Amino acid sequence: MRAVRIVVAVLLLVLTVAGLRAFAQWRFDAYLSDRAVQALAGVARGETPWRWKFPDSESLVAGRVFDAGSFAFTDGGLTVHSDGRAFEIGLPLPSPLDLRRFPQLDISASVDAPASLRLVVAPKLDQPALYSAPIVLAPWQNQYRAVCPELVWQNKSAQASMPAHAAMLRLRVELAAGAVFRLMQVSAVRVPIMKWADPSTMIDVSRNVQTSTVAVTTPSPILASLDAATDLVPQPVLLLKPDSSIERQRAFLERARMLIPAAIIVPASTADAVEARAHVMGTPASVTHSRHNMAWIVLGAYWTALLLAWRWPPRDPRWRAALEAALASIAPLWLIAGGFFTGRLDAAQIALIASVAAYAAFLGIPRTWRFNGSARAWLFGGGVAAIALAIGLYAHHWDTPLRAIDTGHVLRYFGWALIQQYLICAVVTSRWLRAGKSRFVAIYLGALTFALMHTPNASLMLATFAGGLCWCVIYLRERALLPIAVSHAVSALILIALLPQDWLYSAEVSARFFQ
């Protein structure tokens, strides 16, 4: 009987590994498909994927204006007080700007004294910057149009031609001391010969895109030739063939962004569904709005569930424990596995995370765990870190340097590991143990929850599932939080420093995995 249970357990773990990779692929395809639907609808309506607004410091490169006397964010815009020096405003570019298809910059800005503005671009981050001829800014004007092919471009020593792509984009403003420059919005506009479908009619996607089928193994020179061969009028669409490795697919996205910045990438398996959705969908803004509303709906539903669980808890302690484990897990799983976490939290997401934190803290009373642990707990935790070190040393490319990790990142990660282990072990796993009276089931469900909270980063999901199994075992044996939190942090930092970048992608999850 014991042998049968061992075989069943091993089979379950093997199937779970396969299931996690399949789930990661499904979420990967779903995210790309959703983005493609929004982009195709935007193509049909003449919208641009490159638009910058300036509500806060996160809307600027490095969060500041370079060489400014002072600056502030007021009324949804950026206000700069000049001290007489030329200052520069860096516009974030998640992918290079396609200046061939979007050669025109519409700039909404105002000044209270005569000034000039130059565009500063670099084809690649490691190449010298190119400067446009100055654009005159006048106090009586607040809208400016910079047509890049019509501007004279130069580097520090000679005249140059306009680059096809820009990996860096800045606005360089020269303004008298004491004068004020105010920037509201910048948009990269398509070539003017583009004809758009009537927004009042059904969207016609096909007339405004040009489709090519690619695979993750498509060489970079061929991708570059596709970009050059595609007409300027249609926007290139790449149908990505299925591949068994999410890591290779993610690496392909990186290459495609650099070589064909305007490309819309669609999983080939969802192409028909994506086109159908793009035909019937409203504007991309409406999708964003619906997602925003969804977050508030989810928050309201979560609060309702918490209230009902508090007011009318199940009488059976096992059912109550299962309900508590589910309520502590479901909200972060929705946020991360659903692809809603971008790194910038809106008010509803902040309220949801605060609600989960408060509920998890409430479930920790009375405390059934201890902070420090025995020497045995530390030894077990050190063993997990030693395994991580062995894996990192084996997989490390010794012709590349270790990834640098600063002290601030280390300290933040230790705190984050402590929070995660409290939620997964002290709250979720311990309650699954009460619910099922089975240590294996509790350990398995705790580790599975931990893995799903790292969707769709497939390699990271498998790593956290394996680590979660170890840490849940240690926790149920020792009931000590600090040893497993330290083990988690040390193991993660070792792997991030040693493993190739395309294995873990900086341990990013949810929508941040694609950024």
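Arg479, with a positive phi near 55 degrees, follows helix 11, helices being DSSP runs of H or I of at least four residues and strands runs of E of at least two, numbered from the N terminus. The model is predicted, and local features need pLDDT of at least 70, side-chain atom pairs count only at pLDDT 80 or more, and totals for chains, interfaces and linings use all residues. Residues are numbered from 1 along each chain as its sequence is written, while side-chain values use heavy atoms, with hydrogens and water left out.

Helix 11 (residues 458-478) has 21 residues and reaches 30 Å from its first C-alpha to its last, close to the expected 30 Å, where the expected span is 1.5 Å times one less than the number of residues. Helix 12 (residues 482-498), with 17 residues, reaches 24 Å, close to the 24 Å expected. Because 14 of the 17 residues of helix 12 are buried, this helix is largely enclosed by the rest of the structure (buried: under 20% relative accessible area; exposed: over 50%; partly exposed: in between; 1.4 Å probe, protein chains only).

## Nonpolar cores

The largest nonpolar core has 43 residues, and those with the most contacts inside it are Ile89, Ile107, Leu119, Phe181 and Leu183; such a core is a set of buried Ala, Val, Leu, Ile, Met, Phe, Trp, Tyr and Cys residues joined through side-chain atoms within 4.5 Å. Strands that each supply at least two residues of this core include strand 4 (87-91) and strand 15 (180-189). A second, separate core of 42 residues includes Ala388, Ala395, Ile443 and Tyr475.
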